[in-house]
Amino acid sequence: QVQLVESGGGLVQAGGSLRLSCAASRRTFNTYVVGWFRQAPGKEREFVAFITWGGGDTYYADSVKGRFTISRDNAKNTVYLQMNSLKPDDTAVYSCAADQSSRNVRSGDPDYWGQGTQVTVSS
């Protein structure tokens, strides 16, 4: 069992930056693939990025590539999502999720989910 808690969301102007954090309750989190997802009102949940357990392999959706960076600090049981050059279309609830299988993360069906944090980007 892994409990995930996101933080760092808020309201920013277009072009601004935010850093989201996903903190886990158990050390075994360090062996999990972790992904970030987002969902805007009236839209389907969208995959954003994932990172492998060792932090050496990352993958990004085309919509955020070059602007967002996913990273992890296993000593702190925490995964981060640095978001730069934010656009109004980035407005959504952002959630982190974890699974030992990268296939489950990519498919949107990981074992564990956080509660989500709101990101709002004004124009």
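Reader: Is Val-121 buried or exposed?
Author: Val-121 is buried, with a relative accessible area of 6%. Buried means under 20% relative accessible area, exposed over 50%, and partly exposed in between, with a 1.4 Å probe and protein chains only. This is a predicted model, where local features need pLDDT of at least 70, side-chain atom pairs count only at pLDDT 80 or more, and totals for chains, interfaces and linings use all residues. Residues are numbered from 1 along each chain as its sequence is written, and side-chain values use heavy atoms, with hydrogens and water left out.

Reader: Thanks! Which element holds Val-121, and what does it touch?
Author: Val-121 is in strand β11, residues 117-122. Strands (E, at least two residues) and helices (H or I, at least four) are DSSP runs, numbered from the N terminus. Not counting residues up to four places away in sequence, Val-121 touches Val-12, Gln-13, Ala-14, Leu-86, Lys-87, Pro-88, Asp-90 and Thr-91. Contact here means heavy atoms within 4.5 Å.

Reader: How many Å separate Val-121 and Asp-90, C-alpha to C-alpha?
Author: They are 6.7 Å apart in space, and 31 residues apart in sequence.

Reader: Nice. Zooming out, how many helices and strands are there in the protein?
Author: The protein has one helix and eleven strands. From the N terminus on, the order of elements is β-β-β-β-β-β-β-β-β-α-β-β.

Reader: And what about the radius of gyration?
Author: The protein has 13 Å, which agrees with the value near 14 Å that a compact globule of 123 residues would have. The radius is taken over C-alpha atoms, and the globule rule is 2.2 Å times the number of residues to the power 0.38. Along its principal axes the C-alpha trace spans about 40 × 25 × 25 Å.

Reader: What share of the residues counts as buried?
Author: Of the 123 residues, 46% count as buried. As for contacts between residues at least 6 apart in sequence, 57% join residues at least 24 apart.

Reader: Switching topic: how many disulfides does a search of the whole structure find?
Author: The search finds one disulfide, where a disulfide is a pair of cysteine sulfur atoms within 2.5 Å. The bond joins Cys-22 to Cys-96, with 2.0 Å from S to S. Cys-22 lies in strand β3 (residues 18-24) and Cys-96 in strand β9, so the pair ties together parts that are 74 residues apart in sequence.

Reader: Is that disulfide right-handed or left-handed?
Author: The torsion about the S-S bond of Cys-22 and Cys-96 is about 65°, so the disulfide is right-handed.

Reader: Are the two cysteines buried or exposed?
Author: Cys-22 is buried at 0% relative accessibility, and Cys-96 is buried with a relative accessible area of 0%.

Reader: One more loop residue: where is Thr-52, and which residues is it in contact with?
Author: Thr-52 is in the loop between β5 (46-51) and β6 (58-60). Apart from its neighbours within four places in sequence, Thr-52 is in contact with Tyr-32, Val-33, Asp-57 and Arg-72. Thr-52 counts as buried, at 16% relative accessibility.

Reader: Last one: is Arg-103 buried or exposed?
Author: Arg-103 counts as exposed, at 70% relative accessibility. Its place is in helix α1, residues 102-106.
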